[in-house]
Number of protein chains: 2
Amino acid sequence: MSAQSATPSPEHFFRSINAFHVTQALKGAIELNLFTAIAEGATTAKALAEKRQASERGMRILCDFLTVTGFLTKADGAYGLTPDSAMFLDRHLPSYVGDAAKFLLSPTLASGFNDVAAAVRKGGTVISEEGTMSPDNPVWVEFARAMQTLAFGMAQALTGPIKLDPNKKTKVLDIAASHGLYGLMFAQQYPNLEVVAVDWANVLEVGKENAAKFGASDRWRALPGSIFDVDLGDGYDLALIPNFFHHFDPPTNEKLMRKIHAALGPDGRAVTVEFVPNEARTEPPHSVTFAMVMLASTAHGDAYTFAEYEKMFANAGFSRSELVELPVAFEQVIVSYK
Amino acid sequence: MSAQSATPSPEHFFRSINAFHVTQALKGAIELNLFTAIAEGATTAKALAEKRQASERGMRILCDFLTVTGFLTKADGAYGLTPDSAMFLDRHLPSYVGDAAKFLLSPTLASGFNDVAAAVRKGGTVISEEGTMSPDNPVWVEFARAMQTLAFGMAQALTGPIKLDPNKKTKVLDIAASHGLYGLMFAQQYPNLEVVAVDWANVLEVGKENAAKFGASDRWRALPGSIFDVDLGDGYDLALIPNFFHHFDPPTNEKLMRKIHAALGPDGRAVTVEFVPNEARTEPPHSVTFAMVMLASTAHGDAYTFAEYEKMFANAGFSRSELVELPVAFEQVIVSYK
């Protein structure tokens, strides 16, 4: 998103109103598995058309579009992958994130953006009463499968600043566990650590598969149901709450924070992974714009600032909270001490 | 659209797949007439919510989003207009371009992007056989009304490099005249100039209104029908062809160019206004990406390079063509001499 030009021009407006072309062209390229075809050596419109049973003209126009928008390189009529595309859009690699499009562009989530003016008037989603927060909403199974690669790096990075004693038996509560990767990265790091993962039953199937993949099935337990209703047990060293509080209003969050507070052991910490804008809500871009996703798709969700989280956690009985920036991450981390 | 980051990151993918949020938030802001409200002095989320019968929370989230995406400024909780937004998104000003969203996001045009992969496979639009090129398609009335402000600056700039003799009686053929502004800017400049405007009858109503507005009704004549079928007459000094050739394949364009060649007087010129990418199709961005709009919405359209236009015009009998860059413009101009 480029900013203001030197002299007033309608160019930024024009490009922005057409921004959905970028979404749709990229979605089309992923569906055609175009980036993988280039990685496999088909680098001209003709070769790509043959490989994907498509028209050469269509391939040329799509590849030129992707070149100008920063996904491909072009030299002497041959297309290549940018370093980002090579790493994240080649389906052969475990770092492939193309499936995220399935969740991010799922009808449930995308339809929230059909009438932004109506959502602004109402102050919340116009999809339905609860939006994506309805019980057992299947969009969260889609989320778990589609977003796990994107979450993987973040989950791994989290074990850096959040240390546990490797010699003690420790216990982690993974709230809205989804694909389970946040808890599982800790389980991988600490052989004496056990994870209890809470989410809808349908969603936890994905977490269960991942627990098996990471050889942690015997130390990973599913606790299905609504986090607001289930009995969490107690004595946890860590409670992980990745991408969950943003769906709710502060009173609902405080209620949950009190429940987490009670479940933690005396030295327990709550670790919140979130889109946290600065207090002026002007930076970082992802965290500011994320509030729009919440307005469009939930009744009361938001991207809360650190001061807002600090207050909610304090109201729920936590002694103090601190903001942690991970080296490479879209999101921020808040550590709150019992 | 920012490019490759220093180390590989899925950030560009993530922002691009969500680019439709920008489209929809901007559309919502235009529908709420938000920019005009700020111009009128409502600069806080609270004041904007009151003025537009909307929720304060919704306004805050939308305005923060528009700040991060370069449409608003924010300081001490108060929003302001960027110079671009002040000039082009305040409905009080004649330079207001917000209505362009109605055409650019019209279901006809937008639906072409619903399945880009299918369009790439087919090599043309999957909306219908002819896409937006079907006879009397009402999308072109919408175009004429919605896009005229955006075209105005371009039409005005065109009279700079394209000179006529002010003392002679001259005659301009305005092809696919639409809002009529291209011909009318010449009529304004040259009191002895007459315009014949060709387009669908429903579309020419908009041109007729504009001819009256510019006091040129007595020198502006509507010639309704398909340009491929109507009798154009002859002896024209200029033929203007703004944004038309891109809808068709080269044989169709050459056929039309021959017809234009016959209609021009001995010193006549054809003036093509188009999105013309460089020969490598890597620059300028608007002209390269425009080909995708043609793939999505027409059977055979394209953004042709200058060499391709030069060849088509030569095949149609023109002696030579030259590329002219206007000082401030999205598009390029090709002047072809009889």
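Because the model is predicted, local features are reported only at pLDDT of at least 70 and side-chain atom pairs only at pLDDT 80 or more, while totals for chains, interfaces and linings use all residues. Residues are numbered from 1 along each chain as its sequence is written, chains are lettered from A in the order in which they are written, and side-chain values use heavy atoms, with hydrogens and water left out.

The same surface serves both copies, since 100% of the contact residues of chain B recur in chain A.

That surface brings 86 residues of chain B into contact with 86 residues of chain A, where contact means heavy atoms within 4.5 Å. Between them the chains bury about 7600 Å², of which 70% is on carbon and sulfur atoms; buried area here is the accessible area (1.4 Å probe) that two parts lose on being put together, summed over both. Across the interface the rule finds 4 salt bridges, each a side-chain nitrogen of Lys or Arg within 4 Å of a carboxyl oxygen of Asp or Glu. The side chains of Asp302(B) and Arg57(A) form a salt bridge, with an N to O distance of 3.9 Å. Several helices of chain B each supply at least two residues of the side that touches chain A, among them helix 1 (11–17), helix 5 (56–68) and helix 10 (139–158), but the largest share, 12 residues, comes from helix 2 of chain B. Helices (H or I, at least four residues) and strands (E, at least two) are DSSP runs, numbered from the N terminus.

Helix 2 of chain A, residues 19–31, contains Ile30(A), which counts as buried at 9% relative accessibility; buried means under 20% relative accessible area (1.4 Å probe, protein chains only). Leaving aside neighbours within four places in sequence, Ile30(A) is in contact with residues of both chains, including Phe35(A), Tyr96(A), Phe13(B) and Ile17(B). The C-alpha atoms of Ile30(A) and Asp90(A) are 9.5 Å apart in space, although the two are 60 residues apart in sequence.

Finally, some backbone features deserve attention. Most residues other than glycine have a negative phi, and most peptide bonds are trans. In chain A, however, a cis peptide bond with omega about -20° joins Glu283(A) and Pro284(A), and Pro284(A) is placed in the loop between strand 7 (264–274) and helix 14 (285–297). In chain B, the peptide bond from Glu283(B) to Pro284(B) is cis, with omega near -20°. The loop between strand 7 and helix 14 of chain B also holds Arg281(B), a residue with a positive phi, near 55°, that is buried at 11% relative accessibility. Ser178(A) has a positive phi near 60°; this residue lies in the loop between strand 3 (170–175) and helix 11 (181–189) of chain A and is buried, with a relative accessible area of 5%.

Terms used
Buried means under 20% relative accessible area, exposed over 50%, partly exposed in between (1.4 Å probe, protein chains only).
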